[in-house]
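Dear colleague,

I am passing on the structure that we spoke about, and below it you will find my notes.

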Amino acid sequence: MSEKISGAEMFVKSLEKEGVEVIFGYPGGTVLPIYDKLYDANFKHVLPHHEQGGIHAADGYARSTGRVGVTIATSGPGATNLVTGLATAYMDSVPLVAFTGQVPSHMLGTDAFQEADITGISMPITKHNYLVKDVKELPRIIKEAFHIAQTGRPGPVLVDIPKDMMVLEAEFSYPEKVDLRGYKPNYEGHPLQIKTAAQKINQAEKPVFYAGGGVIISNASQELRELAEKAKIPVTTTLTGLGSFDEHNELSLGMLGMHGSTEANMAISNADLIIAVGCRFDDRVTGKLEEFAPEAEIIHIDIDPAEVGKRVSIDVPIVGDVKSILQDLEEKVNAKKNNGWGKKIKEWQEMDCRQCEDVGEQGRLSPRPIIEEIDRLTSGDAYIVTEVGQHQMWAAQFFKYNRPRQFITSGGLGTMGYGFPASIGVQVGNEDEEVFLLAGEGSLQMNIQELATVAKNDLPVKIIIFNNHYLGMVRQWQEMFMDKRYSSTCMSKTIDCPPHCSSPGEDCPEMVPDFVKLAAAYGIKAEIITEPEEIKPALKRARAEEGPYLLDFQIEVEENVFPMVPPGGSLYEMILEEESQ
Amino acid sequence: MKHTVAVKVANEAGVLARIASLFSRRGFNIESLSVGQTEREDVSRITLVVCGNKKDLEQLEKQLNKQVIVYKVSNITNDPAVNRSMALIKVKANYSTRSEIIQIVDVFRGEIVDVANDSVMVEVTGDEGKINAMEELLDPYGIIELVRTGKIAMTRGKK
């Protein structure tokens, strides 16, 4: 009979068995017994400065490494601060295990101090969750949580542990295997469906791949490339699919959807066959659903049966692991020298009209050269992490991604405040790699407290602010669809400004905060950049710095993201540039 | 169209909350739901009656199947099956009407389970149509209170 150990010790041992190398966690009353054991644990603990920062960091770690991200928070407010992070990870299928402390079992349901029903709250935004009711079950639950998080379609799993479960003792044995009666993901595609799909691909004249984040999650980039190159099929990717297909490849069409490239959206709209891989026909991708790919038959490959046929009816559904299905398809698909697209895609590419100027109309910086300079200086190899908004779309459009897991962004939930903490997780998981955070001044301030985490851990994240003094994407919609009524989107606006103002200009108040001074308060080097000729030298200085560095680029105030499919519009009805409105 | 869906789930705390939360957030329209233990102590069975078209039902079944605590989902709408629900009906009854009511109940193979001075309580089991018919016939006497269970169903024969 083995020795009895406490639940807190079991927790540490179980995580060691899972090969966890780092956890992002924030202590508190109900997790004290676990924190006492973490004090001597063999894996690393990173302390964020808000639980939301912790879970986004675990998410960034998971997306960039492909491993399970682990976070821990205390009960009540600690647990509720995880909610946005769980929803973010759930939407983008990120493998996370979140542990929360809970009030002791005998106090559950009594509105005890710092009690919140986090299993109830997180039910719709987790793949599964647990409330530990018997310390003997803790190892099995942890084993299952890690299994569920990373198999099938990955997602976040929450384990709520009452404080007494950390103190009570039991014999510890970590299960080798998981047997869940109600959870058996299917990995193999149906052979008949694969055969039908291969026939359709062989017959198609104008096929297009529409690749999503599932290609990255399934580690299927190589299979996608081999199949696309063999059958000469152009590839467009979703926002979360960026990097699944090298954008330098001549078959790459870039991103599709609301802010997708002209060639991607036109190819989808004119295709006779869409091969949708690891994606879910999000409304930002499809535009007006009835007019999405009007002439095409659709093959949909995904591991989640519930995604197949959810929004679009599918001609050839194939449920299973993207990687193995693409391998099977490759054997059955004929090699082609060219496809029926001819010069069409080239013509659409030439319609590209996206801002190439160094300076905008107001003499402030244009975002495109900044992103292209980062691409050039890092030979396209840096990790690019973004917040949410205009800068996110520019990052998607102007950086040429060459490998999976390189572009880290909150796609489905569109979480402002995600990027900065996520960049911490990316840097922790990839110590020797360059990590650039591309942020708006709005999003960055949603988790600005993480400057302390970056500073104290000397994480060399390069923070690049695209500062237009506006919540730019919302302002763009107000400009285009609401008569320039800039309601609550101006970041410089003070109590002394007129209540209505649609004309930002020289007399506007200085924006707070002064990011350079703010960074200095944390001991982080920073510069404000206003001149185009300063872009390159400033980026070089940032890269040369061994620690973190912040660059506050003052960009054009009323710059917009184009092309744009207006909300509810069809993909082929893109607004290409300012003048054409 | 109405569908009957049988769902085998883990018999543990929180399962009904998970299913209810799923229906509410995905906008599925549940007409009735009944849940109880099965021949196995660790398995419960939920019988759902839901309204929707073929596509809605397909999504509902797939979303249910995604739940870790769901073991099996079967749409048994078109299978030969025994469908049952039960109703308790309290009807006004006096000296002159009581025997008529008892006759009606007998015809429906229901039972009088309680008799008071001015009312009787009727228990009736059967498919939806039978219970509706019973309700209609008792209505003229004055229904004081009525409670119905959700439907339970089982396919006939081997299936």
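Pro513(A) sits in the loop that runs between helix 21 and helix 22 (515-521) of chain A, where helices (H or I, at least four residues) and strands (E, at least two) are DSSP runs numbered from the N terminus. The peptide bond that leads from Val512(A) to Pro513(A) is cis, with omega near 0°. A cis peptide bond also joins Phe562(A) and Pro563(A), with omega about -5°, and Pro563(A) belongs to the segment after strand 20 (549-554) of chain A.

This is a predicted model, in which local features need pLDDT of at least 70 and side-chain atom pairs count only at pLDDT 80 or more, while totals for chains, interfaces and linings use all residues. Residues are numbered from 1 along each chain as its sequence is written, and chains are lettered from A and ligands numbered from 1 in the order in which they are written. The predictor gives the complex an ipTM of 0.90 and a pTM of 0.96; for chain B the mean pLDDT (the predictor's confidence in each residue, from 0 to 100) is 94, and 99% of its residues reach 70 or more.

Helix 21 (residues 472-481) of chain A has as its buried residues Gly472(A), Met473(A), Arg475(A), Gln476(A) and Glu479(A), buried meaning that 20 or more other C-beta atoms, placed from the backbone, lie within 10 Å of a residue's own, with exposed used for 12 or fewer and partly exposed in between. These residues lie on the same side of helix 21 of chain A, because they cover an arc of only 155° around the axis, the arc being that of the directions from the helix axis to the C-beta atoms. Their cover includes helix 17 (390-398) and strand 17 (435-440) of chain A. Just after helix 21 of chain A, Asp483(A) takes a positive phi of about 55°.

Ser93(A), in the loop between helix 5 (83-91) and strand 5 (96-102) of chain A, has a positive phi near 55° although it is not a glycine, and Ser93(A) counts as buried because it has 25 C-beta neighbours inside 10 Å. Arg109(B), in the loop between helix 3 (98-107) and strand 6 (111-115) of chain B, likewise has a positive phi, near 50°, but Arg109(B) counts as exposed because it has 10 C-beta neighbours inside 10 Å.

As for chain B, it has 4 helices and 9 strands, and of its 159 residues 23% count as buried. Chain B is divided into domain 1 (2-75) and domain 2 (81-155), with bounds that come from an automatic or database domain assignment. The contact between them takes 7 residues from domain 1 of chain B and 6 residues from domain 2 of chain B, two residues being in contact if their C-beta atoms, placed from the backbone, lie within 7 Å. On the domain 1 side, strand 2 (29-37) of chain B gives the most, with 3 residues.

Finally, the contact between the chains takes 14 residues from chain A and 16 residues from chain B.

With best wishes
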